Amino acid sequence: MKGYNFAYLDEQTKRMIRRALLKAVAIPGHQVPFGSREMPLPYGWGTGGIQVTASILGPRDVLKVIDQGADDTTNAVSIRRFFAKTAGVRTTTATAEATVIQTRHRIPEKALRDDQIIVYQVPQPEPLWRLEPSRVETRRMHGLADYGLMHVKLYEDIARFGQVSISYDYPVMVNGRYLMSPSPIPAFDNPKMDMMPALQLFGAGREKRIYAIPPWTRVKSLDFDDHPFRAINAPHACGLCGATDAYLDEVVMDDHGGRLFVCSDTDHCAERRAAGHPGMGGTKEAAE
Amino acid sequence: MTDPTLLTARGLSLSFGAIPALRDVDVDLWPGEMLAVVGESGSGKTTLLNVLSGRLAPDSGIVRYRDPQDRLHDVHAMPAPALRTLHRSDWGFVHQDPRQNLRMAVSAGGNVGERLMAQGARHYGDIRATALDWLSQVEIDADRTDDLPRTFSGGMLQRLQIARTLVTHPRLVFMDEPTGGLDVSVQARLLDLIRSLVARLRIAAVLVTHDIAVARLLAQRIAVMQRGRIVETGLTDQVLDDPRHPYTQLLVSSVLTV
C-alpha cells in the first residue's frame, strides 16, 4: 500500500518491538516493557497484539485472526483486512494454513505446529493486579518469585465457593519461575499452552508490556494438591457439529428458553461439518 | 550465659538529618528470651526495631543473626530475597496497628494461611486445618474463619495478627507496641496470650513498649532507651526494682499506681 511502510509500523519501531520480543522469549513469562505506539484502532481492541504481529510478519506469512474463536467477528475481520492492505500478506481462516495467528480470548482447537506463531491480545498483563495495587510491589514479587498472594486468592475461592471460581484469565506458572496472565482465554484453553510446539507471544498495548512462552515450555495452571486444576466446559455437544471436546458458546435462540451450544472456534466447527459430523441442534429448557 | 546468641547488634548508629535516632547501641538476644525496649516517645525504640529487623539500614554498626544451621548472617548485607525469606519464615513482625500487617480484603483463614502458602504449602486441606488450629489458639471462633477482618474488633484483629505471624513457628518475633490502643481488659487477655504462646513455642522476641507494666509482665530482660542511647539494661525485675540511671528512676517513679 502506497504511503505506508510494510505492515504499517516503521522499521525502527519494529526493531524496538523485536528486541523486546527476543528478551521476552529469553525469559519465559517475564513482562518486558516496550514503547507501545498509537495504532489506528482504540486501546482494548488489540493494539498490543497488532503491534507484535506487525513486527514479526514477513511477505510470505499467512495470517489468521480470531476473536473469541471466531474468524467472522468485527475485530477479527478488521485486523485481517488491515494487514491484507498494509502488508499485502495472504490471509486465511483455516488454522492449519496459517503461519501467524493473532487471537483474542481463545486458542484454536486444532493443535498448533512448530512452524506457527500465536499472538495473544492482552488487556492486563499483570496477573496480580487485582490483589496488589502497587506496580512497584508486584515487580518486586515477580523478582523474588513471591507468589503466596495468588494462592491466597485461590484459597479464598475454595473457602467461599468450594472451588476455584476463575473461569478465564486463569493464572499460570511459566517454566516454574514466573507467574503469568494467559490473557483472557477460558481456563479450558490453559492446558493447550503447556508444551505447545508453537511460539506464543503476548502483547499488551495500553499497558506497554510484551511477554512470551517459547516452544516446548512447561506452563502449569495454579492449583492445590487436593484441589487440582480442572478445565471447565459446558456439559453439552456442539449443536452444529456434535463436538464434545471443543469449547462451547451458549447462544440464546428465542425468549422461550431455547438455546444452542456451538463451538466458539468457527473454523474447527466448519471443518467438522464439512467432514460430515451432524449436530443435534438447539435445546429447549422446560418452561417454568 | 554460655549459649550462643540468636541476634547480636554492635555499635548501631543512625541519624535522620541532624537528629540522632540511635547512638552506639549494642543488643544481645538469646534463643527463647524476650527483651523489652522501653523509653519515652522519640527515644528511638521503633527505629531500633526497624534496624534490628533489617527494614532500615544503620549509618554504622552491624546486626548478626544466627540461623538454625548455626550460620551467622549480617542482616544488612543479606541479599533482598534471603532477607524476605527470613521475614516470612524464621522471623515475624507484630505491628501496633494490625491493619498494617493483615490483608483486610482477605478472610481470617486466608490471612493466617498466607505465610504458609508463601513458603510453598500447596495442600488446601492442610492449610485450612492449620489456620483453624491457630485461630483457636488465639481464641477466635471457628465460625469466624471465613469472615473478613474488617468485621473484627480491635482486640480480635491483634490476635489475628499474632496467629498470622506465629503460624510458621518463627524463632524470632519483633513486636512494636502490640497492646497499644487497646482497652485495659483486652490488653490483659492479649498479654496473657502472648506470654503463654511465647513460652510454649520458645520464641525469642524483641518487644518495644512504652508501658513498663507490659515489659515487667512479659520480658526477662529490659533495655531502657533515652535519646537514641541504651542508658540501662539488665534483668527486668532488677532494673525496675532498683533503677540506677536517673532516667530509669524517673520512668519507674512516674508509673501510676491505683
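Author: We may begin with the record. The UniProt annotation "domain: ABC transporter", from an unreviewed entry, covers residues 7-252 of chain B. Please bear in mind that this is a predicted model. The end C-alpha atoms of that span lie 28 Å apart, and the span is 38% helix and 26% strand.

Reader: How many helices and strands does chain B have?

Author: The secondary structure of chain B comprises 9 helices and 10 strands.

Reader: What does the radius of gyration say about chain B?

Author: The idea is to compare it with the value for a compact globule of 258 residues, which would be near 18 Å; chain B has 18 Å, so the two agree. Along the principal axes, the C-alpha atoms of chain B fill a box of roughly 55 × 50 × 40 Å. Of its 258 residues, 43% count as buried. Among contacts in chain B with a separation of 6 or more, 65% are between residues 24 or more positions apart.

Reader: How should I read a sheet, and which strands form the open sheet of chain B?

Author: Strands of a sheet pair through backbone hydrogen bonds, in either a parallel or an antiparallel sense. In chain B, an open sheet of 6 strands has the order β6-β7-β8-β3-β9-β10, with mixed pairing. Its edge strands are β6 (91-94) and β10 (229-235) of chain B, each pairing on one side only. Neighbouring strands of this sheet are turned by 15 degrees against each other on average, direction ignored.

Reader: In which sense do β7 and β8 of chain B pair, and what packs on the sheet?

Author: Strand β7 (residues 172-176) and strand β8 (residues 204-208) of chain B pair in the parallel sense over 5 bridges. Within this pairing, B:L172 has B:A204 of β8(B) as its bridge partner. Helix α1 (residues 45-52) of chain B packs on the sheet, touching β3 (34-39), β7, β8 and β9 (221-226) of chain B. The direction of helix α1 makes about 150 degrees with that of β8(B).

Reader: Where is a hairpin to be found?

Author: β1(B) and β2(B) form a hairpin with 2 residues between them. Strand β1 (residues 7-16) and strand β2 (residues 19-29) of chain B pair in the antiparallel sense over 7 bridges. One of the bridge pairs joins B:L14 to B:L22 in β2(B). In the turn, B:G17 has a positive phi of about 65 degrees.

Reader: How many residues of chain A and chain B are in contact?

Author: The size of an interface is often given as the accessible area lost when the parts come together. Here the description is by residues: 14 residues of chain A are in contact with 17 residues of chain B. On the side of chain A that touches chain B, the residues divide into 6 nonpolar, 3 polar and 5 charged.

Terms used
Residues are numbered from 1 along each chain as its sequence is written. Chains are lettered from A and ligands numbered from 1 in the order in which they are written. This is a predicted model: local features need pLDDT of at least 70, side-chain atom pairs count only at pLDDT 80 or more; totals for chains, interfaces and linings use all residues. Helices (H or I, at least four residues) and strands (E, at least two) are DSSP runs, numbered from the N terminus. The radius of gyration is taken over C-alpha atoms; the globule rule is 2.2 Å times the number of residues to the power 0.38. A residue is buried if 20 or more other C-beta atoms lie within 10 Å of its own, exposed if 12 or fewer, and partly exposed in between; C-beta atoms are placed from the backbone. Two residues are in contact if their C-beta atoms, placed from the backbone, lie within 7 Å. UniProt positions are given in the numbering used here, feature names are shortened, and annotations may be inferred rather than shown by experiment. Two strands pair if DSSP finds at least two bridges between them. Axes are lines fitted to C-alpha atoms, for helices over the stretch in contact, and angles run from 0 to 180 degrees between N-to-C directions. Ala, Val, Leu, Ile, Met, Phe, Trp, Tyr, Cys and Pro count as nonpolar, Asp, Glu, Lys and Arg as charged, and the others, Gly among them, as polar.
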